[in-house]
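Please read them alongside the coordinates.

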Amino acid sequence: IIAIFDQNDLRVVAIKMKILSKREVRDFYQVHSEKSFFQELTEYMTRGPVVIMVLEGKDAVQKNRDVMGATNPSNAKDGTIRKLFASSIQENTVHGSDSLENAKKEIRYFFSDSEVFGS
């Protein structure tokens, strides 16, 4: 997955592996808390370690969304991360911010300023 980001001019400027608590998942995905898939998402995200990254590049938010592919892997374009690796909408391998504003919030949720090595 990191190689795919790199091939698309998205550079990893922060990375960590972490086992998320249910509270962390609930807080992070609070916007989805009333949706039918929320409990399944929480269970999936706490099943084992996750790799959390900050990517940098020109139009990084949109480029990342393009590289990830559609949330439903059956609708994702060939060569996208979700088409290659996801098994379902809930277990879709990657998360990506939907705006620069949300990216900044999500980065702050998991990383301090001293952990991000971007330009």
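**Pockets, a helix face and a buried threonine**

1. The second largest pocket is lined by V13, V54, E56, K104, I107, R108, F111, S112, D113, V116 and G118. Please bear in mind throughout that this is a predicted model. The space in the second largest pocket comes to about 170 Å³.

2. As to where that lining comes from, β2 and α6 each contribute at least two residues to the second largest pocket, and the largest share, three residues, is supplied by α6. Sorted by class, the lining of the second largest pocket holds five nonpolar, two polar and four charged residues.

3. The largest pocket has a volume of about 1600 Å³, and its lining is made up of 49 residues, among which F28, Y29, V94, H95 and G96 lie nearest the centre of the pocket. The elements giving two or more residues to this lining are α1 (2-7), α2 (22-28), α3, β2 (50-56), α4 (60-68) and α6 (100-110).

4. Which element gives the largest share of the lining of the largest pocket? That element is α6, with nine residues. By class, the lining of the largest pocket comprises 29 nonpolar, 12 polar and eight charged residues.

5. Turning to α4, the residues A60, N64, V67 and M68 are buried in this helix. Because these residues cover an arc of only 100° around the axis, they are placed on the same side of α4. The cover over the buried residues of α4 includes α1, β2 and α5 (81-85).

6. After α4 comes G69, and the phi of G69 is positive, near 90°. Anyone checking backbone torsions may wish to look at G69, which follows α4.

7. Leaving aside neighbours within four places in sequence, the residues in contact with T42 are K22, V25 and R26.

Terms used: Residues are numbered from 1 along each chain as its sequence is written. This is a predicted model: local features need pLDDT of at least 70, side-chain atom pairs count only at pLDDT 80 or more; totals for chains, interfaces and linings use all residues. Side-chain values use heavy atoms; hydrogens and water are left out. Contact means heavy atoms within 4.5 Å. On a 1 Å grid over the protein atoms alone, a cavity is a set of points where a 1.4 Å probe fits but cannot get out, and a pocket is an open set with protein on both sides within 12 Å along at least five of seven lines; lining residues have an atom within 4 Å of a point. Grid points are joined across faces, edges and corners, and a volume is the space filled by probe spheres set on the points. Helices (H or I, at least four residues) and strands (E, at least two) are DSSP runs, numbered from the N terminus. Ala, Val, Leu, Ile, Met, Phe, Trp, Tyr, Cys and Pro count as nonpolar, Asp, Glu, Lys and Arg as charged, and the others, Gly among them, as polar. Buried means under 20% relative accessible area, exposed over 50%, partly exposed in between (1.4 Å probe, protein chains only). The arc is that of the directions from the helix axis to the C-beta atoms.
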